[in-house]
Amino acid sequence: MLKKIPITVIITILIQTVALIWWLSKLDSRVQFHDKLIEYGLMEKVLVLEERVKNLSEELDELKADLKCVIHIGHNN
């Protein structure tokens, strides 16, 4: 009652399985590569934004100092 499976069917399934595993591993490596690109791009943007915030904070401090100076001069008159 056992039916024989042709060797060509077994080889075909085996080749397809190997091809699928190879394709999935390639896909995984591409995803990891893109993740790294995105991570690097985001880190670069964060660094740029941090620098902008720092510069704006320094400018704000300068404006506050100038305003205090103007107010102080106005009170003396």
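Which residues form a nonpolar patch on the surface? I looked this up and found Ile5, Ile7, Val9, Ile10, Ile11, Ile13 and Ile15, with about 660 Å² of accessible area together. Patch members have over 30% relative accessible area and no salt bridge; nonpolar side chains (Val, Leu, Ile, Met, Phe, Trp, Tyr) are joined within 5 Å, like charges within 9 Å. A salt bridge is a side-chain nitrogen of Lys or Arg within 4 Å of a carboxyl oxygen of Asp or Glu. Areas are Shrake-Rupley with a 1.4 Å probe, and for residues only the protein chains shown count as cover.

I note that this is a predicted model, where local features need pLDDT of at least 70, side-chain atom pairs need 80 or more, and totals for chains, interfaces and linings use all residues. Residues are numbered from 1 along each chain as its sequence is written, and side-chain values use heavy atoms, without hydrogens and water.

Next, the fold. I find one helix and zero strands in the chain (DSSP runs: H or I of at least four residues, E of at least two, numbered from the N terminus). The radius of gyration is 33 Å, well over the 11 Å of the globule rule for 77 residues, so the chain is more spread out than a compact globule. That radius is over C-alpha atoms; the rule is 2.2 Å times the number of residues to the power 0.38. The C-alpha trace spans about 115 × 20 × 5 Å along its principal axes.

Then single residues. Val9 sits in helix α1, residues 7-76, and is partly exposed at 37% relative accessible area. Asn55 is also in helix α1 and is partly exposed at 33% (buried is under 20%, exposed over 50%, partly exposed in between; 1.4 Å probe, protein chains only). From Asn55 to Val70 I read 15 residues in sequence and 23 Å between C-alpha atoms. Buried residues make up 0% of the chain.
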